[in-house]
Amino acid sequence: MAGNRTLSVTRINPPELDTPPGYSQIVDVRASRVIFIAGQTALDADGKLAGKGDFMVQAEQVFRNLGIALQATGCTAAHLVKLTVFLTDMGNLTLYREARNRFFASVTPAAAPAITLVEVSKLYGPDFMIEIEAIAAA
């Protein structure tokens, strides 16, 4: 790994594409490290589900877990370049966006990675309502 390379992240929203709310259409990355973070669910440090039946509590726990994973690699939300978000009910989209915006506002400037969001019939546990996997660059 080259020790003298610096991180360069350029977020692009071409005028020919719709300007997305809270994320970027394109993220051009030059980095010495790429970090892949497994899907984070609403499990707390004891492996217990936080917020059974409460989407916002689950979303906050998922973003908390994502922050812990980033911190373990010396990164912050600013290093995120791609998220894949899985919701079991697209009716929770507004609540997801609120939690996402609070998480990304924790860094300056606020991060805006490329994001793919999909509704799925279920996640690995019957009570999970959201899961997020991520890619960071440093």
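Student: Is threonine 41 buried or exposed?

Tutor: Buried means under 20% relative accessible area, exposed over 50% and partly exposed in between, with a 1.4 Å probe and protein chains only. The relative accessible area of threonine 41 is 7%. Threonine 41 is therefore buried.

Student: What kind of model is this?

Tutor: Residues are numbered from 1 along each chain as its sequence is written, and side-chain values use heavy atoms, with hydrogens and water left out. Local features need pLDDT of at least 70, side-chain atom pairs count only at pLDDT 80 or more, and totals for chains, interfaces and linings use all residues, the model being predicted.

Student: Which residues does threonine 41 touch, not counting residues up to four places away in sequence?

Tutor: Threonine 41 lies in the loop between β3 and α1; helices (H or I, at least four residues) and strands (E, at least two) are DSSP runs, numbered from the N terminus. With contact taken as heavy atoms within 4.5 Å, and with residues up to four places away in sequence left out, threonine 41 touches Gln61, Val62, Asn65, Tyr124, Phe128, Ile130 and Glu131.

Student: How is α1 oriented relative to α2?

Tutor: The axes of α1 (residues 55-72) and α2 (residues 93-104) come within 9 Å and cross at roughly 30°. Axes are lines fitted to C-alpha atoms, for helices over the stretch in contact, and angles run from 0 to 180 degrees between N-to-C directions. Angles under 35 degrees count as roughly parallel, over 145 as roughly antiparallel, 65 to 115 as roughly perpendicular and the rest as oblique. The crossing angle therefore makes α1, relative to α2, roughly parallel.

Student: How do the residues of the contact of α1 with α2 divide into nonpolar, polar and charged?

Tutor: On the α1 side the contact includes Phe55, Met56, Ala59 and Glu60, and on the α2 side Leu95, Tyr96, Glu98 and Arg100 are among its residues. Ala, Val, Leu, Ile, Met, Phe, Trp, Tyr, Cys and Pro count as nonpolar, Asp, Glu, Lys and Arg as charged, and the others, Gly among them, as polar. The contact divides into 10 nonpolar, 1 polar and 4 charged.

Student: Is histidine 79 buried or exposed?

Tutor: Histidine 79 lies in the loop between α1 and β4, and among the residues it touches are Leu7, Gly74 and Ile135. Its relative accessibility is 18%, so histidine 79 counts as buried.

Student: What is the peptide bond from threonine 108 to proline 109, cis or trans?

Tutor: Proline 109 is placed in the loop between α2 and β5 (114-119). Most peptide bonds are trans. The bond from threonine 108 to proline 109 has omega near -5° and is cis.
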